[in-house]
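I opened the model to look up a helix crossing, the chain contact, some strands and the domains. My entries follow.

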Amino acid sequence: MSAKEYRTASAARGGLLTVSNVPSIAFGDRVRIRDQKGNTRNGQVILSSDEEVLIQVFEGTDDLDMENTWVRFLDEPVEIALSPEILGRVFSGLGEPRDFRPPIVSSLRRSINAAPFNPAARTYPKEFIQTGVSTIDGLNSLVRGQKLPIFSASGLPHNRLAAQIVRQAKLPDDDSRFSVVFAAMGVSYADARFFQEEFASSGVLGNVVMFVNMADDPPVERLTLPRMALTAAEYLAFDLDRHVLVVMTDMTHYAEALREVATAKGDVPARKGYPGYLYSDLAEIYERSGRIKDRHGSITLVPVLSMPSDDITHPIPDLTGYITEGQIVLSRELHNQGIYPPVHISPSLSRLMKDGIGKDFTREDHPHVSNQLYALYARALETRNLASIIGADELSARDRRYLEFADAFEERFVRQGEDEDRSIEETLNLAWNLLSSFPPQALTRVTETEMAKYHRQSGE
Amino acid sequence: MINKESRKGTILEINGPIVTIRLPGVHNGEQVRIGSLGLYGEVIALEGDKAIVQIYESTEMVRPGEPVEGLGHPLSVELGPGLIGGIFDGVQRPLEEMFLKAGDQIPRGLSPDPLDREKLWRFVPTENLEPNMPIIGGARIGTVQETETVEHRIMVPPDIEGELIELAPEGDYNLEETIGQVRDRHGHVHHLKLFHRWPVRKPRPYQSRDNGIDPLITGQRILDTFFPLLKGSKCAVPGPFGAGKTVVQHQVARWANADIVIYVGCGERGNELVDVLDSFPKLKDPYTGRPLMDRTLLIANTSNMPVVAREASIYVGITIAEYYRDQGFDVVMLADSTSRWAEALREVSGRLGQMPVEEGYPAYLASRLAAFYERAGRVETMDCGKGSVTLIGAVSPPGGDFSEPVTSHTKEIIQTFWALSKELADARHYPAIDWVDSFSADVGTAAEWWHENIDRGWEKRRGQALAMLARDAELSRIVNLVGPEALSSAQRWVLEGATLIKEGVLQQSALDPVDTFSSPEKQFMLLDLILTVYDEGAALIELGVPVQELSEMPVLARLRRCKELYDSSQIDQLKAFREEALQDFKAIHSEYAQRGEQTA
């Protein structure tokens, strides 16, 4: 670390500070700034030339005065100190304690911008995680090492669902629980408290690392926060052999912070003012989940994001969907009907489901049952539309059966209690209860053998 | 063109992946190594005595004043035996070897040779080649059995021509050993090896371009039967996320009747490449019975890997594709996704401060896209053989909006368009290829092949099916307004027929072991069978048979399952089923005909 301080700041604008006449400074170097009141601010070099450097100041550039600003270059990238002691702790987006306890002391420090995983080092995620939520387990199964976001919107119970997943997630026939890394960006005090109490009451607090940036904290810290959290998760998973579940909320606030900084830097905007590199930037975060050959641990990532104006084509959910391995979409309509969890079935998807379910994993009929439920529900929704135009009385008997199915599916399969932990067996049996309201010939996605075994009419 | 001497310089400025250097005598496009880590990069602009370089790796903790070395050649790939079965990054670094050498994460500045230098290959020289014979670039001087299915042809590099001085006898050689010598007209002697280098941004030469003749058979019914793609043609697969682009690309990579498949994962998910790496060695090529990995090569620049190497990755892929084309192979290259490549262009141009035109993309987006797709084609090679590169590019339009720049520019260039639809995917209709938005400009040419090899009725049947689907869309609109009761019996039978086509032909499960691949014979049989059943039913409706009775015939439920009940070798069983189905219709027919007589 260099002790030398420079007082050659030449410009400060929109969170960026220019310092001239400095010797060659490394790109990405961490910076400590002392302002005229003697307060310390943190920053990072985002452009370095032989004449001047541009520094992104995490706490912002408000109140800086060019005469009385001292800049020190630490000659190290942004790092996090790691030890098993991080479990049970709460940190800021810069890795500083937020729980009034001393900082982590460890010789192990890692740059939060890890080198990308070699695709040849990965193994394909295949182990089914039972979340106890039928709409996820039955229709959009999560597997260990997957990145599966929850697409939500303001006012929907995404936090409750995320908490339920954290509480219930486990491998069937295996009682070992996940270690949890919780990354909160721009959240309200109420939300932060909700999670904290949630973790405390379910007794997992000692197994959770929290990184918290409140809505009124500096937005620039939101850019380092998920990287801090994932570096911690990688340490837990690949150094300490733990299975880690990372919950991030809310990625929309992260992307907005990125836009704020990009605009200040003068980057060319692409869509809705977001910089063209939003995709790559999000990918750097999401792709840090997964499984690695010959490593015992894993990182499963459940980011939560709110779709601005419920719009799934907005750049943030859109680019996220292109990177993650599926998405769980919440529906305002179901929520307004009082159904919890209001999982919007049609646009929800899990891409890694196909290899983690079925014989040897869940049950042999699972892939077909899920497919059949999707197909019937899609048809049932069409019928419901039709009924709203011509009236249910005009429908044929066949169509009325679909209508009844839609209601029963939402009421019995989608709806469940916040503390209701359904096993995959229960979920599939429930599915067959619903499927059995159709005659066997209407079910073309399940096989004849499965029908004979599980269908209530043909099985008798 | 390749200048061997290296020159030294210094770094002036670092702005993310864009670095300004001072390096006297550097060329535009030249490869450089910068900093004490020796990061690789490429000069993309010259300004006075400064050069602007895009770096393929992260520049974290690199500082101004560090040294720079010019390597004297543009970004090139190594072409020779050992490519097939491998996985390389966007600048052809061998990822398996990097994993063994450096562990889970990709370290910076490491760059092992793409091809194994130690491995011995059995070289068999071409017969009738004698010393002192004139020889041209691209001429075949021998072969190496690269995998069980690929006989790799060793060629004189395209930029060398002259007199053959010496050719090695049959034997085992490694890549570094000289297997022949050619004296060019300046008297310079070139030592030929089993491999050579070629700059990726320069298309490899050929004698002439040919028209495509044969369709690429992918075993996917909606692709082969409805929107055929010719070998040597170019195709785009646009679709919003979750519509199944990747599955379509994987299915083509698995089942296409190509000699070589090059899969470029450009800015996509790491796990998708792992899926290919895991599953392809276990899957059998339906044409040769050998593991699919014996003909497949992967280029991986996943979304979290450096953006600049992503831009390079599709050029690396297409150059390797051209190299196998020059050997006389039919090559399929899949680029997933060209949108990510375009975004890499956008990112670099943005950092250079170039004027954006549409959605931040630079003005040269359209011309770069066109030039890239034009590298596909069926050609007469330098040594008078035939080879082809078929190019299939996935497009990821933001918000699924096909009017965005990358999709719309791509659409102007390509021949075949497989449009994926969110609505179909949401209803779990897979592959979710929309029959209204998709098109193929090559139906006429493909029809010749189908008529000659499968059935004379192909084009007609295809037309009938599409017409029925169009009619179905029209009638469904009426139903949605006023309910099904408004339709006549014949119209309701059309809806039933269209459903049969959708479920029995168009929907195809990539996960079902039987349904995943359909031979052309089976594809036509299924289509013809369903249309025949429809025609029979339509005739019965004329006789007054109620639609209800037809819809509930057990034979229809079975018809929907034919695709998964009979595999491509069970054409005879399919024929038998057809007879059975026709009998059922006959029975109803005679019943009603009798009734008709009685009432008369």
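**Helix crossing.** I began with α10(A) and α11(A), whose crossing is left-handed. Left-handed means that the near helix is turned anticlockwise from the far one by less than a right angle; clockwise would be right-handed. The model is predicted: local features need pLDDT of at least 70, side-chain atom pairs count only at pLDDT 80 or more, and totals for chains, interfaces and linings use all residues. Residues are numbered from 1 along each chain as its sequence is written, while chains are lettered from A and ligands numbered from 1 in the order in which they are written.

I noted that helices (H or I, at least four residues) and strands (E, at least two) are DSSP runs, numbered from the N terminus. The axes of α10(A) and α11(A), residues 397-414, come within 8 Å and cross at roughly 110 degrees. Axes are lines fitted to C-alpha atoms, for helices over the stretch in contact, and angles run from 0 to 180 degrees between N-to-C directions. The two helices, α10(A) and α11(A), are therefore roughly perpendicular (65 to 115 degrees).

Which residues meet there? From α10(A) I listed, among them, L376(A), Y377(A) and R379(A); from α11(A), D399(A) and Y402(A) are included. By class, this contact of α10(A) with α11(A) has ten nonpolar, one polar and three charged residues. Ala, Val, Leu, Ile, Met, Phe, Trp, Tyr, Cys and Pro count as nonpolar, Asp, Glu, Lys and Arg as charged, and the others, Gly among them, as polar.

**Chain contact.** I then turned to chains A and B. Chain A gives 61 residues and chain B gives 62 residues (in contact: C-beta atoms, placed from the backbone, within 7 Å). On the side of chain A that touches chain B, α10(A) has the largest share, eight residues. That side of chain A divides into 33 nonpolar, 17 polar and eleven charged residues.

**Strands.** Strands pair if DSSP finds at least two bridges between them. β5(A) and β1(B), residues 7-15, run antiparallel and are joined by two bridges. S48(A) stands opposite I14(B).

In chain B I found an open sheet of four strands, ordered β10-β13-β15-β16, with antiparallel pairing. β10(B) and β16(B) each have a single partner strand, so one side of each is left without a neighbour in the sheet. β13(B) and β15(B) pair over four bridges. L164(B) stands opposite V182(B).

**Domains.** Chain A is assigned domain 1 (5-73), domain 2 (79-353) and domain 3 (366-454). These bounds come from an automatic or database domain assignment. The C-alpha centres of domain 1 and domain 3 of chain A lie 61 Å apart.

Technical notes
Contact = placed C-beta atoms within 7 Å. Parallel < 35°, antiparallel > 145°, perpendicular 65-115°, else oblique.
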